[in-house]
Amino acid sequence: MLDLTAIPIVDHHVHSLLRRQPRTLPAYLRLFTESDDPEQVARHVPHTVFFRWAVRRLSEFLGCEPTAEAVLAARRDLPPDDWARRLFTDAGIETLLVDYGFRGEENLSLEELGATTGCRVEPILRLETLAEELIREHASFSAFLDAFVARVERARSDGHVALKSIVAYRTGLAIAPPEEDAAVEGFRRLRSRVERGEGIRLAHKPLCDRLVLLALDVAQRQEMPVQFHAGFGDRDVDLLQANPLHLRWVLQSGRYSRAPIVILHAGYPYVRETAYLASVYAHVFADMSLAIPFAAGDIPAVLEELLGLAPVSKVLYASDAFSIPELFWLAAQLGRRELARALQSLIDAGWLRPDEAEEAAQRILNGNARAVYGL
């Protein structure tokens, strides 16, 4: 089988590490699932294929008993920075592109993350988090829109390598130009909550669509990549509305063809749909994060469907790892192993020559990300 261990990884979609690492088993288990249901976490996460495999691999690495309790005890005995550096070095992860719109101050800063992991770290700007910040700061809709566009316009000069939208979580991927009055009404509702001292969550479809399209206008002018969450995630996502095929208006409009659009998480379970979009639109790319590592038992099928239709120049490795260094390490282990198997299968079936498979591995693990994000 192909050996991909020497190929450095560009993990182009991740989140930062927690400042305070988990010390109890319930807190640790919570990081191996997208569910926030305490009963699901306590009773069922320990029985997932991914968690059981993770415990075995981590116990081998730590030299402890293959139980979750033993792994947690062994990692607690290590300085957190040392533990993280060991895992990132062993994983051969070279670069991290970080969406910092998740957990905020609970996480290491970008500078701290780079110092801890030894990786090159580059930021991604999350649009909905930015919009919520600006709604708190601006009382009028016009001032808010001007501030939003200005911040997105200078995203690249501020050091961001891409934009990211979680509109799939908020109102779905069926983005289309809204009525201006409807977008204004969405803003007014959120401002009224701000003025009452309440928290806000941007989940008004006309306003969400208006902001995403404004950001895409900027991305088109600057040829800046835009990542879209698609498919599965936390349980507040409406999975029916997170099918990447809902991006049809955006893709068919022809207005954004110079903005690379990266569909995250292989759109899982809409993997074939994701592969299809990457096969017919020159500016659409497919990543495999979150499916790798969380859909562990299904990863061979995910890769088979992606590589069966999407050009290898369009497929990017990523993990969507967060909070603990184990997830980055485990994803890299699974990603390399299953990608090698998938490519070897294509060699054995006569679809690829060995040299073509090796080139594909280089592209998927780092080359495509370097090209898309200009690294």
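Glu-305 and Arg-272 form a salt bridge (a side-chain nitrogen of Lys or Arg within 4 Å of a carboxyl oxygen of Asp or Glu), with their closest N and O atoms 3.3 Å apart. Because Glu-305 lies in helix α15 (residues 299–309) and Arg-272 in helix α13 (residues 271–280), the pair ties together parts that are 33 residues apart in sequence. This is a predicted model, in which local features need pLDDT of at least 70 and side-chain atom pairs count only at pLDDT 80 or more, while totals for chains, interfaces and linings use all residues. Residues are numbered from 1 along each chain as its sequence is written, and side-chain values use heavy atoms, with hydrogens and water left out.

**Salt bridges**
- Arg-272 is exposed at 59% relative accessibility, and Glu-305 is partly exposed at 26%, where buried means under 20% relative accessible area, exposed over 50% and partly exposed in between (1.4 Å probe, protein chains only).
- Lys-205 pairs with Asp-209, the closest N and O atoms being 2.9 Å apart; Lys-205 is partly exposed at 33%, whereas Asp-209 is buried at 2%.
- Asp-99, Arg-126 and Lys-164 are linked in a network of salt bridges.

**Strand β4**
- Both faces of strand β4 (residues 162–165) are covered, with Ala-162 and Lys-164 buried on one side and Leu-163 and Ser-165 buried on the other; strands here are DSSP runs (E, at least two residues) and helices likewise (H or I, at least four residues), numbered from the N terminus.
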